[in-house]
Amino acid sequence: GTTGASAGFYIDDAALKFREAELLLHWKRNGFKAGFQKAIFYRAGVFVNADSKSKSPYRYDLARKILYLSSYYSSEETFEKYYEVMQSWKANFLLGLPSSIYLFALYLKQKSLKLNFKYVFSSSEQLYQYQEEIFNEVFNCKTIDHYGHCEPGNFCAGRCKYGNYHINPLTSFSEITSTGKLLETSLINRSQPFIRYEVGDQIEGLQIDGCECGRKGPYFKKVLGRESEIISLTDGRQISSI
């Protein structure tokens, strides 16, 4: 799991499509529509743009309407460029690690700058209240979080307005040990079985049904762990430990 070292595994085409559909459904529940432009803080270094062969910390995918922003080059100089390109790109949604988005939001606040999005979508780390507050302030929108991991099983448990993370019962079965560790069984990946697989994450408040939002099926209240630290490098960059 992503709390520890990810396992090597096979995944079949049908399961891969289910994962993509699960994420898309989470986005669509929160206003996303095909054709909307997105900006993604991506866990990658510099990009080589196909048109010019030049290296850059950001890259456009015009076919999918995505602006990729490298989270490995978080610095005041880079954030100034990101702000300029995002003003012209006019993305509807911003996606990424909470820590990466937070560093950018902090830069904007210090410079008295703002950008407007419909939603910020976060994942892969703990999302803290102070991060949500600054996102709301500088991006003028709510933050929608989801939990998931790379291994076959729970790929996108979206957080509802009551703060609960909803598990898709069609793709995975989740259990919790006496110590709070999450066990998952994939119901769709036929290439390599994952049966009661210990992800490495801990969750709190696993429930079978009955969320106030009205959605049916299992959910949990909180992910424990996945805490990241900000690493400051000598060249001025700041990156998440994750």
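Student: What is the relative accessible area of E80?
Tutor: E80 has a relative accessible area of 41%, so E80 counts as partly exposed, a class lying between buried, under 20%, and exposed, over 50%, with a 1.4 Å probe and protein chains only. This is a predicted model, in which local features need pLDDT of at least 70 and side-chain atom pairs count only at pLDDT 80 or more, while totals for chains, interfaces and linings use all residues. Residues are numbered from 1 along each chain as its sequence is written, and side-chain values use heavy atoms, leaving out hydrogens and water.

Student: And which helix is E80 in?
Tutor: E80 belongs to helix α2, residues 76-89; helices (H or I, at least four residues) and strands (E, at least two) are DSSP runs, numbered from the N terminus.

Student: Switching to the sheet, what's the strand order?
Tutor: The order is β4-β5-β1-β6-β7-β8-β9-β10-β14, nine strands in an open sheet with mixed pairing, where two strands pair if DSSP finds at least two bridges between them.

Student: Which strands stand at the edges?
Tutor: Those are β4 (58-61) and β14 (219-220), and each has a single partner strand, so one side of each lacks a neighbour in the sheet.

Student: How many bridges join β8 to β9?
Tutor: Two bridges join β8 (residues 142-147) to β9 (residues 157-159), and these strands run antiparallel; Y147 stands opposite A157 in β9.

Student: Back to E80, how far is Y107 in space?
Tutor: The C-alpha to C-alpha distance between E80 and Y107 is 8.7 Å, while in sequence these two are 27 residues apart.
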